[in-house]
Amino acid sequence: MGFDENKETGEHSEAKDHENETHKNEGEPVSRQVSEASIYGTEEEEEEGSKIQLGPQCTLKEHLEKDKDDESLRRWKEQLLGSVDVNNVAEILDPEVKISSLSIVSPDRDDIVLPIPEDGNPKGLWFTLKEGSQYRLKFTFQVNNNIVSGLKYTNTVWKTGVKVDSTKEMLGTFSPQQEPYTHEMPEETTPSGLFARGSYSAKSKFLDDDNKCYLEINYTFDIRKEWA
């Protein structure tokens, strides 16, 4: 759900792999009609290879008990947990993160509130962006049960089977609380011109340090001359 014309869309190793693949297939016809299923499969394989093995999880009470003799660590943990009543929190290892709302904020129009389907796959066109417009993504989320570490948002965009944009935003570490958290992404500008207009497919994910996915949305959107 993002565009940045000055941003690299892949690592150096990916460019090298692409170069090798080009030489390998030299003289063969190349088809740009790649199915979304094969694209998403490639993304998932990349994520599998990048997983980091972390230490064992702890409940909130265990978090406070660990390193309790370290004054600085103890204060940091108490600050992170805020007003959470640890004694009344269930002894559950896995945090629960629920994305409660998603919206597109633009100075040119009213906010576009995006419905979040239970299966994460909106039916048909999810939204339309005006070419050359400034916008940002805003979302609220709830954290329950335990601390979620390294929560991040990723988004990949394709047009006619070709990846045109990739975004990763680190959100941070959050403790469970009754009030929802709100986050706004940096402002972006949609591309403009004849070749920018049209239909796009995209995949957004909310993941933590363990690459546990709390929400995955596969969707389509348009860029047009005017807002829909």
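Tutor: A cavity is a set of points, on a 1 Å grid over the protein atoms alone, where a 1.4 Å probe fits but cannot get out, and its lining residues have an atom within 4 Å of a point. This is a predicted model, where local features need pLDDT of at least 70 and side-chain atom pairs 80 or more, while totals for chains, interfaces and linings use all residues. Residues are numbered from 1 along each chain as its sequence is written, and side-chain values use heavy atoms, leaving out hydrogens and water.

Student: Which residues line the largest cavity?

Tutor: Its lining is made up of Met1, Gly2, Tyr135, Arg136, Leu137, Tyr153, Thr167, Met185, Pro186 and Glu188.

Student: And what gives the most to that lining?

Tutor: That's E4, with three residues; strands (E) are DSSP runs of at least two residues, numbered from the N terminus.

Student: New topic: what does leucine 102 touch?

Tutor: Skipping neighbours within four places in sequence, leucine 102 is in contact (heavy atoms within 4.5 Å) with Ile112, Val113, Leu114, Ile116, Trp126, Leu137, Lys138, Phe139, Phe206 and Ile217.

Student: Where is glycine 198?

Tutor: You'll find glycine 198 in strand E9.

Student: Why does glycine 198 count as partly exposed?

Tutor: Because its relative accessibility is 26%; buried means under 20%, exposed over 50% and partly exposed in between, with a 1.4 Å probe and protein chains only.

Student: How far is glycine 198 from lysine 225?

Tutor: They sit 27 residues apart in sequence, and their C-alpha atoms are 9.8 Å apart in space.

Terms used: On a 1 Å grid over the protein atoms alone, a cavity is a set of points where a 1.4 Å probe fits but cannot get out, and a pocket is an open set with protein on both sides within 12 Å along at least five of seven lines; lining residues have an atom within 4 Å of a point. Helices (H or I, at least four residues) and strands (E, at least two) are DSSP runs, numbered from the N terminus.
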